[in-house]
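Here is a brief report on one protein chain. It goes from the whole fold to single residues.

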Amino acid sequence: MAAEKLRDLSQPIDVPLLDATVAAFYGTGSKEQRTTADQILRDLQNNPNMWLQVMHILQNTQSLNTKFFALQVLEGVIKYRWNALPAEQRDGMKNFISDVIVQLSGNEASFRTVRLYVNKLNIILVQILKHEWPVRWRSFIPDLVSAAKTSETICENCMAILKLLSEEVFDFSRGEMTQQKIKELKQSLNSEFQLIHELCLYVLSVSQRTELIRATLSTLHAFLSWIPLGYIFESPLLETLLKFFPIPAYRNLTLQCLTEVAALQFGNLCDAHIKMYNIFMVQLQTILPPTTNIPEAYSHGSSEEQAFIQNLALFFTSFFKVHIRILESTQENISTLLLGLEYLISISYVDDTEVFKVCLDYWNVLVSELFEPPQRCMVNTAVASPNMIGLQVPVMPPGMIDGLGSQLLQRRQLYAGSMSKLRMLMICRMAKPEEVLIVEDENGNIVRETMKDNDVLVQYKIMRETLIYLSHLDHDDTEKQMLRKLSKQLSGEDWTWNNLNTLCWAIGSISGSMMEEQENRFLVMVIRDLLNLCEITKGKDNKAVIASNIMYVVGQYPRFLRAHWKFLKTVVNKLFEFMHETHPGVQDMACDTFLKIVQKCKRKFVITQVGENEPFVSELLTGLPTTIEDLEPHQIHTFYESVGNMIQAESDAQKRDEYLQKLMVLPNQRWMEIIGKARQNVEFLKDLDVIRTVLNILQTNTSVASSLGTYFLPQITLIFLDMLNVYRMYSELISKSIAEGGPYASRTSYVKLLRSVKRETLKLVDTFLDKAEDQPQIGKQFVPPMMEPVLGDYARNVPDARESEVLSLFATIINKYKAAMVEDVPRIFEAVFQCTLEMITKNFEDYPEHRLKFFSLLRAIATHCFPALFCLSSQQLKLVMDSIVWAFRHTERNIAETGLNLLLEMLRKFQVSEFCNQFYRTYFLTIEQEIFAVLTDTFHKPGFKLHVLVLQHLFCLAGTGALTEPLWDAATNPYPYPSNAAFVREFTIKLLSTSFPNMTAAEVTQFVNGLFESTNDLPTFKTHIRDFLVQSKEFSAQDNKDLYAEEAAAQRERERQRMLSIPGLIAPNELQDEMVDS
């Protein structure tokens, strides 16, 4: 009964009853009461007339929760329906909210007690302002300022409103408002700032209230980054701020304001900045004497004091980023500049990730500028020669050395002392690289790492880049500091796990930055010392730490190992030693490092080196059983892949086949045994241990196939037919188990193991065909025998027993042999198409693997065997198109992207085929409708770039007249349109108007016309769609970075090109250097 009474909004709502319902929702009553209350409140929230009751509720309730509920309803209306409301309702609500705020903030006692409620009202007011101001509420800023002067608490709240407004317009507006609206609000704020400025200065000069001064400083902080500069530098504002800085209560807020000022860039006001910096430094030395041990003080400080250090780091980094050149250009400022850098280096040692990140970002900027000055200050851009491994200075064109070059050298000399201290900092705090698998846990034990920490990896990248620049600036100092620290490890004076780790990570990270001769000399000492350390140190954990560091360092220097066979051999033998070390993580790291070294030095292992009787690979194959006896199966696979890489480097075919045969002796013996026994009695293959062994043998084969490619042919030929027989037999076993045991049988460990063997078989063939060179005879040898056992088996099986790898295998085959497969496509279609579709179109969750692989197969067919699609009946083609729509409707990102790419492929191919008109007449409108549906659905933001391309394709097609037949159906649509473009325009306007009733007809028409006008200009077309998404309110108040993803990708590519030009910045293992190790 009560519920019905509440839901009836034809008369004023019963506020006590609403209070009771809200209380029941938040209360501790029974679950039923909470559920009922929740349902009632949801119904009220969804009722379009509920907002008219908000005033009544706010005036009559004492419950804070009820007030918040009412404001939530109001917020929804303001966001989505405000402009559609009648003017008097808008004005009434606007005035009501303003009055309540003034009334509550006018009285000190009530203002403090209902602060949360007032904050929420402030947010509501700012939401209204985004629609109303400046056009419909011109007097807002003057009204606010005059209200502020009536009482100190109202003034404090006005400051809070101004801060919110500034943040809404300048910080959070992207994707919330259209570009035009943002521009309009920024101009209004700028033009009316004088009143706000006067108010702030007035408060700071006369008020004695701590809360009010803090609120004013906080508001100023929000405004300082964008207000006209005259308000800062041609007024007493800076002096006032510097007066407040020494006072503890305002220190942090003032420092934040000064940081905003420090970050401002402009030409002719340098003196004010220099003056500010010098006064600041004098005050700082009183607050925090330069002799203070800042890391120590930070660890014992209160949260206010810690925030001060953090803000100090922000101040220095912001100031130096913009003004360091002005400071260094005058003699009298150099000492305060270097003192500032000393402070910053000291702050960089603070044990806090956020503080360190702030400092690190700036150090990265400074050292990169010292290494290669920004291009803008170079008259004739310095040419960075790509082969300058380890040159100290970028290569300068002749004639530049005198002016610019000497200027650069002077700068480097000025900062030499600071840079040397910075090298020490980087070496002491180096982050952990990805390759290191051995870490110290919270209990101080050395264990294998279980999860990658992305923050640490990002930090490692920046630190590595910074250290490489520092190394380029002074190789000798870098080398000296590293070797000195290493000798302290050996003497035991400075020995801790952390010290050794950070030092070795730093040594590994500068690979490629020194001249080869210096690098060789340096590494000989490093590796020698580390091997000695390993010998003299006792204790399993200690040895594991040293082992991990030796492996990391040698893995980073392939150039050195290629040039020094003796060292390479010692290192590889050391790795073989570590492969018997059972400490967690050591064997894994040994196998990974072995693979990494072999990939970069493979030729060295197949030639007979000076002083050796045979190539190393031959010696390795002889001792192989002993080397791998302690390894786990997955480590053995990595080992086999590594040896495969060696064999692949042998150019003599006969030797290569001999090596391969030797390598595969162990797995082949087991395989022959198993197949031999199975021929006598097929039951033998059903034994669990046998199935595991078969799986392991296949995985070993896959590992070798992945590194050998075409040269794996003799081995796969040997086992291929037997392997298909095992595949067929295991498949029958699976089907039988599922038929007898019902759906749960597919989850038993037995069936799972059998399926693993099937998957591995498919993976092995897939890997081999994918890596093998494009030789048609290989395709002819392997594809036909698989048609029946693999494709036929897929079609016959129950859905739960179908392997998704079948789809990816045939996608690989089509991508590899392209048009040669056209005749086989109908057969593939028949086997997989219908039955897979039935599996994946029931919902969006089941068979996730099949989904992606199915669409990848379709894409391969559309790309390489497009003519095969013409042979499909119209019914089958409709199935294909429906499945594509199904794919891009998917919320799983990679499935949706595959679907969209496939759709684009189909659209482009059909456009140039003879079936162009027929295809588009059937599918044009459906595709347009479906693409608009996903484009305006917030779950599909990542597909934005592809949605835009599809729409651009469709609108181009309609506009250019490429379609010679009408898109509309003349039978049902007697009105003859002058062109397809006119028809599509009207269809789109109708479609969007019905989908977005909150948009006016004029807005929709303007958008659609804009699309037709910008079809040939993709950036404009895209911006146009972004603005529409914001206007339609589908995309407000969310993270919209996916709409800007393409621009971000272009930026990343430019960055990679820059890094390639500086030796060492891209690690030697990541460079695709075609093995200069012959």
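Helices (H or I, at least four residues) and strands (E, at least two) are DSSP runs, numbered from the N terminus. This is a predicted model, in which local features need pLDDT of at least 70, side-chain atom pairs count only at pLDDT 80 or more, and totals for chains, interfaces and linings use all residues. Residues are numbered from 1 along each chain as its sequence is written, and side-chain values use heavy atoms, with hydrogens and water left out.

**Overall fold**

The chain holds 51 helices and 2 strands. Its C-alpha atoms fill a box of roughly 100 × 85 × 70 Å along the principal axes. Of its 1078 residues, 53% are buried; buried means under 20% relative accessible area, exposed over 50%, and partly exposed in between (1.4 Å probe, protein chains only). Contact means heavy atoms within 4.5 Å. Among contacts with a separation of 6 or more, 74% join residues 24 or more positions apart.

The UniProt record, an unreviewed entry, annotates residues 37-103 as "domain: Importin N-terminal". Such annotations may be inferred rather than shown by experiment, and their positions follow the numbering used here, with feature names shortened. That span is 78% helix and 0% strand, and its end C-alpha atoms lie 32 Å apart.

**Core**

A nonpolar core is a set of buried Ala, Val, Leu, Ile, Met, Phe, Trp, Tyr and Cys residues joined through side-chain atoms within 4.5 Å. The largest one has 354 residues, and Phe 280, Phe 316, Phe 320 and Trp 363 touch the most other members. Helix 37 (residues 713-741) gives the most to this core, with 12 residues. In soluble globular proteins, nonpolar side chains tend to be buried together. Beyond four places in sequence, Trp 363 touches Leu 341, Leu 344, Ile 345, Ser 348, Leu 422, Leu 425, Met 426 and Thr 466.

Met 839 sits in helix 41 (residues 825-840). Its relative accessible area is 3%, so Met 839 counts as buried. Leaving aside neighbours within four places in sequence, Met 839 contacts Tyr 794, Pro 799, Arg 802, Asp 846, Tyr 847 and His 850. Met 839 and Arg 851 are 12 residues apart in sequence, with C-alpha atoms 8.9 Å apart.

Tyr 847, one of those contacts, belongs to the loop between helix 41 and helix 42 (848-864). Lys 818 is in the loop between helix 40 (805-817) and helix 41.

| Residue | Phi | Relative accessible area |
|---|---|---|
| Lys 818 | near 45 degrees | 38%, partly exposed |
| Tyr 847 | near 50 degrees | 23%, partly exposed |

**Two further loops**

Where does the cis peptide bond between Trp 133 and Pro 134 fall? Pro 134 is in the loop between helix 8 (115-132) and helix 9 (140-148). Omega of this bond is about 5 degrees.

Thr 1015 lies in the loop between helix 49 (1001-1013) and helix 50 (1018-1031). Thr 1015 is buried because its relative accessible area is 8%. Not counting residues up to four places away in sequence, Thr 1015 touches Gln 952, Phe 955, Cys 956 and Phe 1021.
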